[in-house]
Amino acid sequence: MLPLDQIRQLLLEHDDPRHLERPANFDLDTSRECFARLVSALEERFGPSCASGLAQDASFYGAIDVPADATGFGRPLRAAMSNFGSYYVTARVVADEGAPSGEAALTQEFVTWFDDVCQAAGCTFVPAELLREPYDGPSFLEAHRDKELIAALAAAGEVTDDEDEDESDVGVAYWNDRYFEYM
């Protein structure tokens, strides 16, 4: 796997605020082939119970879900391929629908295997720990809109300071939001 600092640099380099869903040079045929290779590898390892689907209005191309009973992790697994970079790919044990969870880690054996699969498919594996880091790129993301909305509601007297205190993540975007979310 690439060093984390190098992956961080790649994430920054490919962040284009004018193209939130896919880069200007997006190649559908190459994306389709790359995603098919990832699906095939996960189906070969975990069996035919894997489900894959494509995304629309999103910064990621598609996702592959592996049910908990097939993973060996005790929880479902989700792998997703971004439209950006050399097709950034991440995998995480699913804890909820939010940003990748740190509660349940993938095994080092799986990470090594999956990184090899990604390299063979022409992708860059991005560990979930990096995607949990606060987003500091140039794009304006949905989380930033949340902060503006809360401020507008507070100014209109619709939200009190007490209600806003519990929302420490309001307005905070993560790298997961940039490359693996709906836009």
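The buried residues of helix α1 pack against β4, β5, α5 (128-131) and α8 (175-179). This is a predicted model. Which residues of α1 (residues 4-13) are buried? They are I7, L10 and L11. These residues cover an arc of only 100 degrees around the axis, so they sit on the same side of α1. The other side of the helix carries D5 and E13, which are exposed.

Now turn to the sheet. Strands of a sheet pair through backbone hydrogen bonds, either parallel or antiparallel. Here 5 strands form an open sheet with mixed pairing. Their order is β1-β2-β3-β4-β5. At the edges stand β1 (51-54) and β5 (124-125). Each has a single partner strand, so one side of each lacks a neighbour in the sheet. β1 runs antiparallel to β2 (residues 60-66), and 4 bridges join the two.

Two packed helices are described by the angle between their axes and the distance between the axes. The axes of α2 (residues 28-46) and α4 (residues 108-121) come within 9 Å and cross at roughly 145 degrees. This crossing is right-handed. From α2, the contact uses C34, R37, L38, A41, L42, R45 and F46. From α4 come E109, F110, W113, F114, V117, C118, A120 and A121. What kinds of residue make up this contact? 12 are nonpolar, 3 are charged and none is polar.

Note on methods
Residues are numbered from 1 along each chain as its sequence is written. This is a predicted model: local features need pLDDT of at least 70, side-chain atom pairs count only at pLDDT 80 or more; totals for chains, interfaces and linings use all residues. Side-chain values use heavy atoms; hydrogens and water are left out. Axes are lines fitted to C-alpha atoms, for helices over the stretch in contact, and angles run from 0 to 180 degrees between N-to-C directions. A crossing is left-handed if the near helix is turned anticlockwise from the far one by less than a right angle, and right-handed if clockwise. Contact means heavy atoms within 4.5 Å. Ala, Val, Leu, Ile, Met, Phe, Trp, Tyr, Cys and Pro count as nonpolar, Asp, Glu, Lys and Arg as charged, and the others, Gly among them, as polar. Two strands pair if DSSP finds at least two bridges between them. Buried means under 20% relative accessible area, exposed over 50%, partly exposed in between (1.4 Å probe, protein chains only). The arc is that of the directions from the helix axis to the C-beta atoms.
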